[in-house]
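User: I would like to learn how to read a model like this one. Please take me through it feature by feature.

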Amino acid sequence: MTLDPRAFREAGRAALHDPSLRIALGRLKTHFALGRARAVERYGDWEALREQGRAIRDYALAHLDTLLEEFERNVVARGGQVHWARDAKEAREIVLRILREAGAKSVTKGKSMVSEEIALNPYLDANGVEPVETDLGEYIVQLRREPPSHIIAPAFHLNKEDVAKTFREAHTALDPDRPLVERTELVAEARALLRARFESADAGITGANFLTAEEGAAVLVTNEGNGDLTRLLPKTHIVLTGLEKVVANLEHAAVLLRLLTRSATGQDISSYVTVMNGPRAPDESDGPQNFHVVLVDNGRTRLLGTDAEEVLRCIRCAACLNHCPIYAAVGGHTYGATYTGPIGAALNPGLMGVGVAHRHPNASTFCGRCAEVCPVKIPLPTIMRHWRAREYASGLAPKSMTAGLGAWAFFAKRPALYRFAAGIVACALKFLARNGRVHSLPLLHNWFLVRDFPAPQGKTFHALWTARQ
Amino acid sequence: MSAREDILAAIRARRAKAVAAPPSYCAPAPPDSVQAFVEHATRANAEVRLIANETEIPQAVAELLRARNLPAIVHVPPNASNLPWNSAPGLMRERAAPGPEDAAVAIAPFGIGETGTLAYPSATDAPASWHFRAGFEIAVIRAEDILMRMEDVIARLKATALPPTLNFVTGPSRTGDIEQTLELGAHGPKVLAILIIQD
Ligand code: SF4
């Protein structure tokens with residue numbers, strides 16, 4: 001499956017007609033949204049917590065340079081190494097170099113969205129290192145050669161029958177007649193197979209939810225424990241992450257954790273939160289001997305100081321996706337990008353360029369739910385509007401839209417003509433209506449397929465207003 | 001210029017606003033940290049038992065295994081080897097790292113009431129990987145070591161030194177990756193039992 005953000009419309013159309021995707025997407029409301037709402041209620045003063053989270057992230061972004069330097073110093077002091085990558089290509093090369101130096105042939109991976117963003121797996125494959133995804137959802141989509149469809153639930157688009165089919169096709173060494181119907185059976189099968197991979201891997205790559213400058217630590221959140229087995233069993237551990245993940249200290253990370261897990265899965269805390277602070281001590285019997293952190297820029301610093309800067313506060317909780325009517329309709333793959341839903345719409349034009357991802361900020365009803373639930377108060381619709389203005393300014397907006405706006409501007413600048421034309425349109429709509437509602441108009445066939453609107457009643461607003469004065 | 005210099009220069013050129021350090025924050029908390037711990041750990045699918053003192057540990061471990069029809073074998077890390085194990089005759093102890101179906105004991109130096117979380121700093125005598133290798137983890141914690149918030153644990157550890165790996169564990173391993181439905185025991189333990197020593 002190839003990723004192409006430009007094909008949003010075509011992919012979206014196909015997604016709308018995919019019956020099994022409809023079943024999967026139905027779980028957004030019943031599972032994620034409900035869980036979050038309950039967790040937020042249990043917490044108490046959620047708004048104060050959000051405000052604190054916003055302030056912590058803003059402080060970190062305003063001191064990004066000094067915090068990154070401090071982080072680096074402290075990682076080195078604890079025996080680790082820090083690498084800086086300007087773009088995806090540099091990041092891939094750094095990771096491969098570390099793996100080559102470690103003599104690694106197979107590498108286990110904890111879920112890392114940055115790894116998806118820089119398309120690491122195909123590159124490693126092509127260079128003789130076998131990447132094994134170990135987050136269950138990520139493992140499933142890796143077997144299916146698909147990208148993740150949701151930033152915290154990679155196999156969100158699948159039902160258990162799909163997973164069973166994938167396992168039967170991939171795990172050919174197992175008894176073909178084994179029962180594989182229940183979720184428990186699927187989880188047990190993956191657990192057993194992946195444990196062997198953990199034990200034999202030469203290196204492990206994880207992401208990080210936060211980097212803490214004062215301690216030189218990476219903080220990782222998982223529910224499965226796969227991130228920890230990835231770090232602890234092989235000789236070499238690589239943390240691959242965006243450089244905006246840094247915060248001042250572990251205490252700040254502790255506040256953000258409260259926001260993250262409640263917003264993501266509705267848990268007060270995830271099963272595992274790990275502070276990864278360099279390689280093992282000389283007398284320890286487990287833990288990695290080599291510890292590397294790869295800091296990836298890939299378009300992030302370019303957003304600093306722009307109208308889209310606040311998107312860098314994101315802690316990747318996925319609450320905005322889980323509450324988005326567009327995501328709920330078309331699913332993640334439609335976006336053709338690593339980051340989907342509102343966060344994708346606000347981030348992708350910045351990372352990939354407006355020319356590539358301009359469909360994403362247009363895929364919005366501007367209902368504003370995403371900004372309401374965002375734990376770090378990112379004004380997502382405002383940022384999407386910013387990208388739409390940029391799209392318009394660079395002449396990328398569809399012809400029909402520019403023509404329509406041009407026509408509207410022509411009338412709006414001529415009030416008498418505008419009033420006259422509005423009167424005619426109101427009359428025409430009244431004429432076209434049946435039982436007081438308009439059911440179709442030329443050129444708007446698709447819009448009217450699922451909705452209608454009331455016909456104008458009586459006079460135009462202008463006429464009423466003049467009469468009142 | 002190196003990538004590092006380039007990136008830092010780009011940040012310095014673009015950063016505009018001065019932002020003050022955030023005020024300090026204190027999460028809301030119930031009055032009793034042990035009670036909160038029991039409540040939250042139970043919600044996170046852990047089985048919590050209160051015991052009077054250390055001497056009851058071996059017996060409690062044996063009972064937990066029996067209740068699940070598991071063999072009377074438990075993996076014991078170095079920092080738990082001094083417990084009065086002989087008080088539970090018939091309970092076998094293993095020193096090797098546990099496998100995915102094995103039971104293992106773990107001593108938690110700290111707990112967190114706010115979330116029902118166990119905190120395990122890695123150490124020579126407390127290998128971090130055991131918390132993920134075992135199929136059944138039996139954690140032992142003293143009531144007096146249950147603090148209220150994660151920040152309290154961080155402060156205690158910072159008073160000496162942070163370990164290479166600090167694991168916060170809440171409930172058994174889980175996944176919701178298939179149909180967003182909870183399944184316990186994804187990679188780590190399928191069961192987590194916690195013995196709280198009250199003395
Ligand atoms: S934009 Fe906000 S809601 Fe969306 S993933 Fe990021 S932090 Fe979560």
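Analyst: We start with confidence and then turn to chains, single residues and the ligand. This is a predicted model.

User: What ipTM and pTM does the model score?

Analyst: The ipTM is 0.97 and the pTM is 0.93. For chain B, the average pLDDT is 95, and 99% of its residues score at least 70.

User: How many helices and strands does chain B have?

Analyst: Chain B has five helices and twelve strands. Its C-alpha atoms fill a box of roughly 70 × 40 × 40 Å along the principal axes. Of the 199 residues in chain B, 54% are buried. Then look at sequence separation. Among chain B contacts between residues at least 6 apart in sequence, 73% join residues at least 24 apart.

User: Which residues of helix 5 of chain B are buried?

Analyst: Helix 5 spans residues 150-159 of chain B, and its buried residues are B:Met150, B:Glu151, B:Val153, B:Ile154 and B:Leu157. These residues lie on the same side of helix 5 of chain B because they cover an arc of only 155° around the axis.

User: What do the buried residues of helix 5 of chain B pack against?

Analyst: Elements from both chains. Chain A supplies helix 13 (250-265) and strand 9 (272-276). Chain B supplies strand 5 (110-112), strand 6 (117-121), strand 8 (146-147) and strand 9 (165-169).

User: Now a single residue. Is B:Trp85 buried or exposed?

Analyst: B:Trp85 is buried, at a relative accessible area of 3%. It sits in the loop between strand 2 (73-75) and strand 3 (92-94) of chain B. Leaving aside neighbours within four places in sequence, the contacts of B:Trp85 include B:Pro58, B:Val61, B:Leu91 and B:Val105. B:Gln59 is 26 residues away along the chain, yet its C-alpha atom and that of B:Trp85 are separated by 8.5 Å.

User: Where is A:Thr212?

Analyst: A:Thr212 belongs to strand 5 (residues 210-212) of chain A. It is buried, with 0% relative accessible area. Beyond four places in sequence, A:Thr212 is in contact with A:Phe71, A:Ala217, A:Val219, A:Val247, A:Ala248, A:Asn249, A:Leu250 and A:Ala253.

User: How should I read backbone phi angles?

Analyst: Most residues other than glycine have a negative phi. Then look for departures. B:Asn45 is not a glycine, but its phi is positive, about 70°. B:Glu179 is not a glycine either, and its phi is positive at about 55°.

User: Where are B:Asn45 and B:Glu179?

Analyst: Each is in a loop of chain B. B:Asn45 lies between helix 2 (33-43) and strand 1 (47-51). B:Glu179 lies between strand 10 (174-175) and strand 11 (183-184). B:Asn45 counts as partly exposed, at 35% relative accessibility. B:Glu179 is buried, at 9%.

User: Which domains make up the division of chain A?

Analyst: Domain 1 covers 45-296 and domain 2 covers 400-468. Taken over C-alpha atoms, their centres are 53 Å apart.

User: Last, the ligand. Which residues surround the ligand?

Analyst: The shell is drawn from chain A. It holds A:Cys314, A:Ile315, A:Arg316, A:Cys317, A:Ala318, A:Cys320, A:Ile343, A:Cys374, A:Pro375, A:Val376, A:Ile378 and A:Leu380. By class, eleven of the shell residues are nonpolar, none is polar and one is charged.

Technical notes
Residues numbered from 1 in each chain as written. Chains lettered and ligands numbered in written order. Predicted model: local features only at pLDDT ≥ 70, side-chain atom pairs only at ≥ 80, totals over all residues. Heavy atoms only, no water. Near = heavy atom within 4 Å. Nonpolar A, V, L, I, M, F, W, Y, C, P; charged D, E, K, R; others polar. pLDDT = per-residue confidence, 0-100. Domains from an automatic or database assignment. Buried < 20%, exposed > 50% of the residue type's maximum accessible area, 1.4 Å probe, protein only. Helix = DSSP H or I, 4+ residues; strand = E, 2+ residues; numbered from the N terminus. Arc of directions from axis to C-beta. Contact = heavy atoms within 4.5 Å.
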